[in-house]
Amino acid sequence: MKVIVPLAGFGKRMRPQTWSRPKPLLNVAGKPLLGHILDKFEPLNVDDAVFIVGWLGDQIQDYVASHYHFKAHYVVQSVLKGQAHALYLAREYLSLPC
């Protein structure tokens with residue numbers, strides 16, 4: 001199974017916490033929000049994940065690499081044009097079933 005996780009926002013409404021950490025890595029109930037999301041995917045046997053990152057995306061990459069063991073790809077959405085644009089940027093990692 002392949003999973004696409006869009007994470008590219010700035011988290012402006014969460015300032016000042018998001019000046020130095022992206023919103024998906026803010027702790028909720030003792031764990032980063034992204035950790036809660038990815039833990040829900042564990043029973044689904046995820047083979048491949050595409051993360052669409054933006055602001056401080058290198059921290060997201062470091063977190064995923066140190067806590068999870070599935071193949072991960074990262075796409076940078078430098079201009080925030082919405083979710084459809086984010087998915088369009090990830091098109092090279094997606095394939096349609098034959």
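Trainee: Which residues line the largest pocket?

Mentor: The lining of the largest pocket consists of Leu7, Gly9, Phe10, Gly11, Lys12, Arg13, Met14, Lys23 and Pro24, where a pocket is an open set of points on a 1 Å grid over the protein atoms alone, where a 1.4 Å probe fits, with protein on both sides within 12 Å along at least five of seven lines, and lining residues have an atom within 4 Å of a point. This is a predicted model, in which local features need pLDDT of at least 70 and side-chain atom pairs count only at pLDDT 80 or more, while totals for chains, interfaces and linings use all residues. Residues are numbered from 1 along each chain as its sequence is written, and side-chain values use heavy atoms, leaving out hydrogens and water.

Trainee: How many nonpolar, polar and charged residues are in that lining?

Mentor: Ala, Val, Leu, Ile, Met, Phe, Trp, Tyr, Cys and Pro count as nonpolar, Asp, Glu, Lys and Arg as charged, and the others, Gly among them, as polar. The lining of the largest pocket has four nonpolar, two polar and three charged residues.

Trainee: And which residues line the second largest pocket?

Mentor: Pro6, Leu7, Ala8, Gly9, Gln77, Leu80, Gly82, Gln83 and Ala86 line the second largest pocket, and by class they are five nonpolar, four polar and no charged.

Trainee: Where should I look for a cis peptide bond?

Mentor: Look at the bond from Arg15 to Pro16, which is cis with omega near 5°. Pro16 sits in the loop between strand 1 (2-6) and strand 2 (27-28), strands being DSSP runs of E, at least two residues long, and helices runs of H or I, at least four, numbered from the N terminus.

Trainee: Which residue other than glycine has a positive phi?

Mentor: Ala29 does, with phi near 55°, and Ala29 lies in the loop between strand 2 and strand 3 (31-32).

Trainee: Which residues make the contact between helix 1 and helix 2?

Mentor: Leu34, Gly35 and Leu38 of helix 1 meet Ile60, Tyr63 and Val64 of helix 2, contact meaning heavy atoms within 4.5 Å. These residues comprise five nonpolar, one polar and no charged.
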